[in-house]
Amino acid sequence: MESTVCMGREQKKDTEPAICSLETGQVFTQPIGYIESCFTGKNGTPRQPSICSLSRGRLKISKKVFNNPTHSLVGLHQFSHVWILFIFHKNGHLSCKAKVQPPRLNGAKTGVFSTRSPHRPNAIGLTLAKLDKVEGDTLYLSGIDIIQGTPVLDIKPYIAEYDSPRLAVSPKENVQEKTFQEEDGDSYNTVLQAKDREQCIERSIQDNNIPFLDKNNKSEKYDRSSIKQEILQDLKQELAIETAGESNLVEDCCTLQRFSSNHLVENIETLKLSQDSPSNETSKLNETKEKPCTSDSFEAKWVTESPVPSLAVRFTTYAERELRQFKAPHESGEPSFRFLQSFEEAKYAITEVLSADPRSVYRRNHCLDRLFYFCLDTIHITCWFGDGFAEVLKIQPVAEQSKA
């Protein structure tokens, strides 16, 4: 029976609904759709979306929410990722505790609001999924950590400029920058011109087709190595010219003015390093830029340095042979995958899930001698855990396993 949710309590539609008000925080929710996922149950489902990049699913927008669901997805294809808000509908109970034991803490307790535990005062989940494509009223997703049949409450596009923390600038710094600009406009403009030119140099190096011009030949194009040599030589020559003088040796594709002497020295050293190590070319140039994109965020140490190590994953010969029998979705024959595309993808996905140790703290400490089962796509996996590793013992089709 369909239901709505008000303040975490289920209300049947055929009964008189509770009085709800947006102003008091009492809200009836109606799922906009239900996830079709490669994970059929909680066991083995990744705790975070980044664990298994190949986990796939679909979300079809319900016609009970919009008369024309397709219209609600117009423009969403312009985003690479989406936030998904959903209900932890398999929690089994509505009670929760103020302190919980997240698996990464291996038994230690911390406050529920400092974790991603599904057992919360309101069983609302949030995850970031890659949007592979939009077709009509359906979203095709990957990198998901949501199980089959999960009710979805909302979708929002991921926007890096807003959703990724940036380095904060204090009001004092803003005032100092403004004062510097007013008191020494020429120096301030020189710095800005230097940064503009640095960006242009980087673009020129990255693109062989962008001409780097000198005063004698306004049309000649140089290859990547010639561009770097040209920049280096010109910058060295500019250093020999009086600071107040105008350079007449280089006119680049952006018709930029000369650098200040100090900035030229920094860029010469940067270019020297980039010549010695071409692979570090972009990173070295970026070191001389301002850092507006530097993250100002941080996480708890138990998240970044978990006491639970990643596991090595191996397959028995028998299990690998069983996995090779599965066909891609577009191929005929049984058994076949539903979301995964090949044996290689399936093996990689299983490895990603197991390397993150999907066991609960209780299983990890009290069920060491027991087999571990989970389902991925149409595969039922049997494995066991040893000291620092997980081994896949057996693979069967999900349908076949359910009949056994």
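**View 1. Arg359, Arg363, Cys367, Leu368, Arg370, Leu371, Phe372 and Phe385 wrap around the largest cavity.** This is a predicted model: local features need pLDDT of at least 70, side-chain atom pairs count only at pLDDT 80 or more, and totals for chains, interfaces and linings use all residues. Numbering runs from 1 along each chain as its sequence is written, and side-chain values use heavy atoms, with hydrogens and water left out. A cavity here is a set of points on a 1 Å grid over the protein atoms alone where a 1.4 Å probe fits but cannot get out, and lining residues have an atom within 4 Å of a point. The space inside comes to about 60 Å³, counted as what is filled by probe spheres set on the points, which are joined across faces, edges and corners. Its lining has five nonpolar, no polar and three charged residues (Arg counts as charged, Cys, Leu and Phe as nonpolar).

View 2. Among the lining residues are Thr45, Pro46, Arg47, Val353 and Asp357. The volume is about 30 Å³.

**View 3. Helix α9 (residues 317–324) has Ala319, Glu322 and Leu323 buried.** Buried means under 20% relative accessible area (1.4 Å probe, protein chains only); helices are DSSP runs of H or I, at least four residues, and strands are E runs of at least two, numbered from the N terminus. Seen down the axis, the buried residues of α9 fall within an arc of 100°, so they line one face of the helix.

Technical notes. Buried < 20%, exposed > 50% of the residue type's maximum accessible area, 1.4 Å probe, protein only. Arc of directions from axis to C-beta. 1 Å grid on protein atoms, 1.4 Å probe; cavity = no way out; pocket = protein on both sides within 12 Å on 5 of 7 lines; lining within 4 Å.
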